[in-house]
Amino acid sequence: MRRWAGRRDRLGPVDTRQSPPTEADGVDLSDMGFWARPLDEREAAFRALRRSPGLAFFEEPELIGTSIPIPKGPGYYAVTRHADLLEATRNPEIFCSGRGASNIPDMPQEFLEFFGSMINADDPRHARLRRIVAAGFTPRLLKKLEDDVQRAARQIVDRVMDAGGCDFVTDVAARLPLKIICDMMGIPERDYDSVFASSNVILGAGDPEYVPPGQDIGIALLTAGQQLAMLMQDLAAHRTEHPTDDLTSALVQANVDGEQLSPAELASFFILLVVAGNETTRNAISHGLQLLTEHPDQRAIWQADFGGVAPTAVEEIVRYASPVIFMRRTTTRDTQLGGTDLAEGSKVVLFYWSANRDEAVFEDPLRFDLLRKPNEHVGFGGPGPHFCLGAHLARREITVMFRELLARVPDIEATGPPVRLLSAFINGIKHLPCSFTPAAP
């Protein structure tokens, strides 16, 4: 493909001075310069890809900056249209996840299992893991979670409401899912900061704020993952002898048809939970404030009837933000998708961010509309076995957080541009200044 920005395969300074593409053949999704461009230019590029026949093919970048040997792969097909993405997710026996779902390069199998848990698995192993984990979410735990979300959101707003301003991401948006996940698993508060830092490295390893240039990306990833794994393994060992009412206790005791999670599987699930549950929800909340600031008419609609609008508002925030940009699948046999013939072993990358802007499905897709209905977005993944296990919890966290904010600091707004995560995988916001009228807690 013809490149249109300065090529960098290890994230760092990128050249974004050239003009954005106007046709599909000017797009290179493997170029990190593309992911540093403004969102409206990304949107134009994906619109061009959706309108082009077939699936666009891209070469894989050569990964540098890591001592982990990862050979350059054969390339991948970009799935950018909503209908094509649904077809792939509905046919997991043809488009499998077990060869790698969250990375385009072919990572070592141990790496996939360590960081991906059930995301990088197919049935029957995927179904087994999901059944055991689901058994841990008892009705009592789910009820406790609902109460915990409300209490945590209130405490977070209590801490900032008399300051008149803060970094919305680090002081508000990131704190709610982090606290809920840690409390749910039984992680003590003294470990919150280290869990937060490790999750930032795992999903933001290409961003120089989290892994400075010169550091080995692979080593940084493995170190962060090992820190989380050790934390969970130590806690699980203690809970085996001293159970409480947290999810870790439930999971070490969960037994489905005579099967339990191994210590390694439990640690891998914790890494997945921290990374997926923390990063994605925090970014949806962060994007939500930015969008409400940019669209005061939509903010007024929500404030006028918070409870009535909340169900569609949350779905629209997730659609528009699309915190997870893509997931990968690999074909298990010769097949066809989107009018393109695919040989067995072909990599296809499902771009949720693009599918959520597909003009064939969403009327005026670039319009932020809190009353949008229907809203068949794929922000939690497409239909099929890999639909987000934590979607219900994420929806509740977003709802409760904005209920607290709009009721108690109703004039809160972003006061500067968001500092975006440099990533092709997560549509992240690292920092977002905000202000509001101070009020006594």
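Is Phe 402 buried or exposed, and what is its relative accessible area? In this predicted model, Phe 402 is buried, with a relative accessible area of 1%; buried denotes under 20% relative accessible area, exposed over 50%, and partly exposed the range in between, with a 1.4 Å probe and protein chains only. The model is a prediction in which local features need pLDDT of at least 70 and side-chain atom pairs count only at pLDDT 80 or more, whereas totals for chains, interfaces and linings use all residues. Residues are numbered from 1 along each chain as its sequence is written, and side-chain values use heavy atoms, with hydrogens and water left out.

The ring of Phe 402 pairs with that of Trp 302, the centres being 5.5 Å apart and the planes at 40 degrees, so the arrangement is tilted. Rings of Phe, Tyr and Trp (its six-membered ring) are taken as a pair if their centres lie within 6.5 Å; planes under 30 degrees apart count as stacked, over 60 as edge-to-face and the rest as tilted. Trp 302 belongs to helix α13 (residues 296–304) and Phe 402 to helix α16 (residues 391–408), so the pair ties together parts that are 100 residues apart in sequence. Helices (H or I, at least four residues) and strands (E, at least two) are DSSP runs, numbered from the N terminus. Trp 302 is likewise buried, its relative accessible area being 0%.

In total, the structure holds 14 aromatic pairs. One of them is formed by Phe 58 and Tyr 76, which are stacked at 5.7 Å centre to centre with 25 degrees between the planes. This pair links distant parts of the chain, with Phe 58 in strand β1 (residues 56–58) and Tyr 76 in strand β2 (residues 76–79), 18 residues apart. Both Phe 58 and Tyr 76 are buried.

One aromatic cluster is made up of Phe 34, Trp 35, Phe 46, Phe 326, Phe 351, Trp 353 and Phe 425. Over the ring of Trp 353 sits the charged end of Arg 357, 4.0 Å from the ring centre; this term requires NZ of Lys or CZ of Arg within 6 Å of the ring centre and within 35 degrees of the ring normal. Lys 430 lies over the face of Tyr 210, at 5.9 Å from the ring centre.

The protein as a whole comprises 16 helices and 12 strands. Of its 441 residues, 57% count as buried. Contacts are defined by heavy atoms within 4.5 Å; among those with a separation of 6 or more, 72% involve residues 24 or more positions apart.
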